[in-house]
Amino acid sequence: MNEFNELYKLLGNRIKCLRTEQNLTQEKLSEKSNLHNSYIGLIERGAKGPSLETLQKIADALNVSLVDLFVEESKWKSKDRKHRELFNVIKNRTSKQIDILIKIAKIIFT
């Protein structure tokens, strides 16, 4: 269980770093993620291990991927960051919107 405690602390610290980079308080993050602010505090301190569903809520509230909660952006190659940035722009679009974006991209890059 000790390995999990360390993982929870690292994860909590990463979430806190992402939150503070975006100038969000714990209260604002709790509003955006629909989680109680005291629970956000417990997660950030590593006192609680959140479920995958909770992690997804936090990632969505921070506008990052689930992977970003575990890996610092500086560890990614620049090209990978750009790919993720593009993916984040289109990830919640409809199939029709994505088809249009593909057509536009083909026109631009052909």
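1. Helix α2 has three residues to start from: L29, S30 and S33 are its buried residues (buried means under 20% relative accessible area, exposed over 50%, and partly exposed in between, with a 1.4 Å probe and protein chains only). Seen down the axis of α2, these residues fall within an arc of 100 degrees, so they line one face of the helix. The arc is that of the directions from the helix axis to the C-beta atoms. Helices here are DSSP runs of H or I with at least four residues, strands are runs of E with at least two, and both are numbered from the N terminus.

2. A word on the source: this is a predicted model, in which local features need pLDDT of at least 70 and side-chain atom pairs count only at pLDDT 80 or more, while totals for chains, interfaces and linings use all residues. Residues are numbered from 1 along each chain as its sequence is written, and side-chain values use heavy atoms, with hydrogens and water left out.

3. On the chain as a whole, there are six helices and zero strands, and from the N terminus the order of elements is α-α-α-α-α-α. The chain has 110 residues, of which 25% are buried. Among contacts between residues at least 6 apart in sequence, 49% join residues at least 24 apart; contact means heavy atoms within 4.5 Å.

4. Helix α4 spans residues 52–61, and its buried residues are T54, L55, I58, A59 and A61. They cover an arc of only 165 degrees around the axis, which puts them on the same side of α4. The exposed residues L52 and E53 sit on the face of α4 turned away from that buried side.

5. Which residues have the most contacts inside the largest nonpolar core? They are I15, L29, I58, L62, V64 and L69, in a core of 15 residues. A nonpolar core is a set of buried Ala, Val, Leu, Ile, Met, Phe, Trp, Tyr and Cys residues joined through side-chain atoms within 4.5 Å. Two or more residues come from each of α1, α3 and α4, and α4 gives the most, with four. In soluble globular proteins, nonpolar side chains tend to be buried together.

6. L62 deserves a separate entry. Leaving aside neighbours within four places in sequence, L62 is in contact with I15, L18, R19, Q22, L24, L29 and L69.

7. R19 belongs to helix α1. With residues up to four places away in sequence not counted, R19 touches L24, T25, Q26, L29, E44 and L62. The relative accessible area of R19 is 8%, so R19 is buried.

8. How many salt bridges does a search of the whole structure find? The search finds two, a salt bridge being a side-chain nitrogen of Lys or Arg within 4 Å of a carboxyl oxygen of Asp or Glu. One of them joins E44 and R19, whose closest N and O atoms are 2.6 Å apart. E44 lies in helix α3 (residues 37–45) and R19 in helix α1 (residues 2–21), so the pair ties together parts that are 25 residues apart in sequence. E44 is buried, with a relative accessible area of 8%.

9. The other salt bridge is between the side chains of E31 and K28, at 3.7 Å from N to O. Both residues lie in helix α2 (residues 26–33), three residues apart, or about one turn of the helix. E31 is exposed at 57% relative accessible area, whereas K28 is partly exposed at 39%. Side chains of opposite charge can pair when their charged atoms come close.

10. The last point concerns backbone angles. Most residues other than glycine have a negative phi. N23, which is not a glycine, has a positive phi of about 55 degrees. N23 lies in the loop between α1 and α2 and counts as exposed at 71% relative accessibility. N34 follows α2 and has a positive phi near 60 degrees. Its place is the loop between α2 and α3, and N34 is exposed, with a relative accessible area of 65%. Just after α4, N63 also takes a positive phi, of about 55 degrees.
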